[in-house]
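User: Hi! I'm new to protein structures and would like to go through this one step by step. Could you help me read it?

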Amino acid sequence: MNRPEDNDPLDALLREQNPHIDDDGFTGRVVAALPRRRRIWLWSNILLGLTAVGSALAIHWLPWENLSVPDLSALLSLNPQVLLPWLLVLSVTASLTWAIMAAAQWED
Amino acid sequence: MSFTDADLIARVLSSEDQHAFGELVRRYQSPVRGFLARLTRGDAHLADDLAQETFVKAWRKLQTYRGSAKFSTWLFGIAYNEYRTVARQRKELALEDVGEPPAEPAKSAADSRSDLRLDLTEALKELHSSERAAIVLCCQNGLTHEEAAQVLDCPLGTVKTNVLRGKEKLRRRLPDYQHYEST
């Protein structure tokens, strides 16, 4: 931890040369320029919430019994009964990832 | 009744209280504007624009302030980033290194103190921005080297070096410094 040297005239001079700057309406201008932070925060959370609810419903209705790990031949057969559940899982994961990234960007 | 910074921040976060934020701005406008005025070499107009942007950004990102550092340190960090963005746009960072100024003739003792203050302002402008920032934060605003390192987002050793090197340059560039030292 540093402490200005009391006996160093340069430190004393530097401290002297830091005068208080009068507000002169600066605070008023800043407050007038403030954006609506709450709305931005709300929208990002609404977006996340809606995606989470949608994802939960999608997971609830997923045909879990068909969600076995397919082998290569099953995948190549393009059987909708094998591919569709996995397509749904991928969609849910992608939409959740997108929502989280979008919300994070909004916060910035 | 006087509220602490933490009280005001809590009010802003809980109820978007612009008056509470205004009080925070009132408390810290002087050091932030002064810091930016030094960084912009006395361009008060640009410094005020950057200071306004600093506080608006602080308002928008207030929920990310964790309270582990002083609020002023957090604000100085935003202010320094704002300055760097503008400086990069204006390519000032690449152009600002200056050579040694020519030696000036010694002045009389009576003029020394007032002249020295003006000279110091000019000498500060001639420092590299990282040295100027480190000196203004540590020597004028009372931040510790650790806090300054946090603001400037650089290693602690770099801050210490910049303060030492900056002060050494100031001593060399102040023609009356030796006289002031002896009074």
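Analyst: Happy to! Helices and strands here are DSSP runs, numbered from the N terminus, where a helix needs at least four residues and a strand at least two. Please keep in mind that this is a predicted model.

User: With that in hand, how many helices and strands does chain B have?

Analyst: Reading along the sequence of chain B, the pattern is α-α-α-α-α-α-α-α-α-α. Counting by type, chain B has zero strands and ten helices.

User: What percentage of the residues in chain B is buried?

Analyst: A residue counts as buried if 20 or more other C-beta atoms lie within 10 Å of its own. Chain B has 183 residues, and the buried share of them is 40%.

User: What covers the buried residues of helix 4 of chain B?

Analyst: Helix 4 (residues 71–89) spans 28 Å from its first C-alpha to its last, close to the 27 Å expected. Its buried residues include B:Trp74, B:Phe76 and B:Ala79. Among the elements covering the buried residues of helix 4 are helix 2, helix 3 (44–60), helix 7 (129–140) and helix 8 (145–152) of chain B.

User: Now for the two chains together: which helix of chain A supplies the largest share of the side that touches chain B?

Analyst: In total, 24 residues of chain A are in contact with 32 residues of chain B. Helix 1 (9–16), helix 2 (26–32) and helix 3 (37–60) of chain A each bring at least two residues to that side. The largest share, six residues, belongs to helix 1 of chain A.

User: Why do the buried residues of helix 1 of chain A line one face of the helix?

Analyst: The buried residues in helix 1 of chain A are A:Leu10, A:Leu13 and A:Leu14. They line one face because, seen down the axis of helix 1 of chain A, they fall within an arc of 100°.

Note on methods
Residues are numbered from 1 along each chain as its sequence is written. Chains are lettered from A and ligands numbered from 1 in the order in which they are written. This is a predicted model: local features need pLDDT of at least 70, side-chain atom pairs count only at pLDDT 80 or more; totals for chains, interfaces and linings use all residues. Two residues are in contact if their C-beta atoms, placed from the backbone, lie within 7 Å. A residue is buried if 20 or more other C-beta atoms lie within 10 Å of its own, exposed if 12 or fewer, and partly exposed in between; C-beta atoms are placed from the backbone. The arc is that of the directions from the helix axis to the C-beta atoms. The expected span of a helix is 1.5 Å times one less than its number of residues.
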